[in-house]
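Keep the viewer at hand and follow along.

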Amino acid sequence: MGNSERKNDLMRVLKNKKTLIAVGSIASAAGSFKIAKRKKETEPKPNSKAVVVLGSGRSGTSVLARAINIAGVDLGSGFIKTNQTNPKGFFENKKIVNTHKKIGEILKKRPFPKGFPYFDDVRPYRNELKDYIQEEFFNKKVWGWKDPRNNEFLEMWKGILKEINVEGNYLIIIRNPVDVIASYKRAYDRDETWAKRQWQLRTLLALRETKKEKRIIVEYDELFNNSLESMRRVSNTLDFEWPQEETKIKNELDEFIDPSLQTSNSGTDIEEFKNRQDVEDDIKELFLLCLEGARSQKYLESKSFQQRVEKLYQAYLRKHGKLHVMPPKNNNQ
């Protein structure tokens, strides 16, 4: 065989080898697709739905928790006692709140490091919470809990819910930050700068950590002034069964929601808010973005919305860094 023939044979071998590799790659990809499809088809349906109430403290989270409870969401038992700062009740589960506090004492500053639920000194508390909610909400179809600290612990809770095959649903309440800060000052005499940063960070975390989850934003004013329609919208968006006795629900909501308790409501409309000189531009932008998401579910679920959240989040970290879990003493940040 001459050199020319050997060269042609070698070229044919190489060509055939490339073809086989290409065919093998296509077959492998097709096989992977079939496996993924089969896995998706065989994944078990969620055992139940969990509704996680999110939002900064003094934003109406307690009212929202009770409202969804009236609409059929089981909040469990063992609530923290009422006090003068919240006379109608916090609707916060004592076990969850106290465990959140213990983890916060360990980690000190927010946002917590990625992977924190599996830190050696945090993991036991995570496992306690996992065991607790399985026992507390055993056989409950739609259940949930409220704690303003939820915003910081979403990485942990999303992991727990996935492990126990529960569908996570996230309910974010948004209130004018001017009123939130005033409410913190009135109720707890908190440092205003710290209260401002807390509203900002918790809001950003709630939006950032739920970007691929079922979620909805509820406006504070909507909840107080049109509570029945607000709850109907929540039920439709998160897809849980709406109780048939609507008149009873309306009566219970009207009895519970007392506009006279809105003692820190400034009555500031949107144009006034935009023009306020005492509110920083990034806080204005975040609140207005939340209003857009509350008024358009389609926009809330869009890539554009989440890109704006991420931009604001990264800008917050560059400008302010991490925030202490505990408020400062003697008005020092």
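In this predicted model, asparagine 150 counts as buried because its relative accessibility is 0%, and the cut-off for buried is under 20%. The residue belongs to the loop that links strand 3 with helix 5 (154-163).

Val52, Val53 and Leu54 lead us to strand 1, where they are among the residues listed by direction. Strand 1 spans residues 48-54 and is mostly covered, with seven of its seven residues buried. In a regular strand, side chains alternate between the two faces of the sheet. Here, Ser48, Ala50, Val52 and Leu54 point one way, while Lys49, Val51 and Val53 point the other way. Both sets are buried, and that includes Lys49.

Four strands make up an open sheet in the order 3-1-4-5, with parallel pairing. The edges are strand 3 (142-146) and strand 5 (214-219), each of which pairs on one side only. Ignoring direction, neighbouring strands of this sheet are turned by 20 degrees against each other on average.

| Strand pair | Bridges | Residues opposite each other |
|---|---|---|
| Strand 1 and strand 3 | Five, parallel | Valine 53 and lysine 146 |
| Strand 1 and strand 4 | Seven, parallel | Alanine 50 and glycine 168 |
| Strand 4 and strand 5 | Six, parallel | Leucine 171 and isoleucine 216 |

Now to the helices. Helix 7 runs over residues 192-209, and its 18 residues reach 26 Å from first C-alpha to last, close to the 26 Å expected at 1.5 Å a residue. Is helix 7 mostly covered or mostly open? It is mostly covered, as 14 of its 18 residues are buried.

Helix 12 takes in residues 281-295, 15 residues in total, and reaches 21 Å between its first and last C-alpha atoms, close to the 21 Å expected at 1.5 Å a residue. An α-helix has 3.6 residues a turn, so residues three or four places apart point the same way. The buried residues of helix 12 are Asp282, Ile283, Lys284, Leu286, Phe287, Leu289, Cys290, Leu291, Gly293 and Ala294.

Finally, step back to the whole chain. How many helices and strands does the protein chain have? There are 14 helices and six strands. Of the 333 residues, 44% are buried. Among contacts with a separation of 6 or more, 75% come from residues 24 or more positions apart. The chain exposes about 18,300 Å², and carbon and sulfur atoms supply 50% of that area.

Methods: Residues are numbered from 1 along each chain as its sequence is written. This is a predicted model: local features need pLDDT of at least 70, side-chain atom pairs count only at pLDDT 80 or more; totals for chains, interfaces and linings use all residues. Side-chain values use heavy atoms; hydrogens and water are left out. Two strands pair if DSSP finds at least two bridges between them. Helices (H or I, at least four residues) and strands (E, at least two) are DSSP runs, numbered from the N terminus. Axes are lines fitted to C-alpha atoms, for helices over the stretch in contact, and angles run from 0 to 180 degrees between N-to-C directions. Buried means under 20% relative accessible area, exposed over 50%, partly exposed in between (1.4 Å probe, protein chains only). Contact means heavy atoms within 4.5 Å. Accessible areas come from the Shrake-Rupley method with a 1.4 Å probe; for residues, only the protein chains shown count as cover. The expected span of a helix is 1.5 Å times one less than its number of residues.
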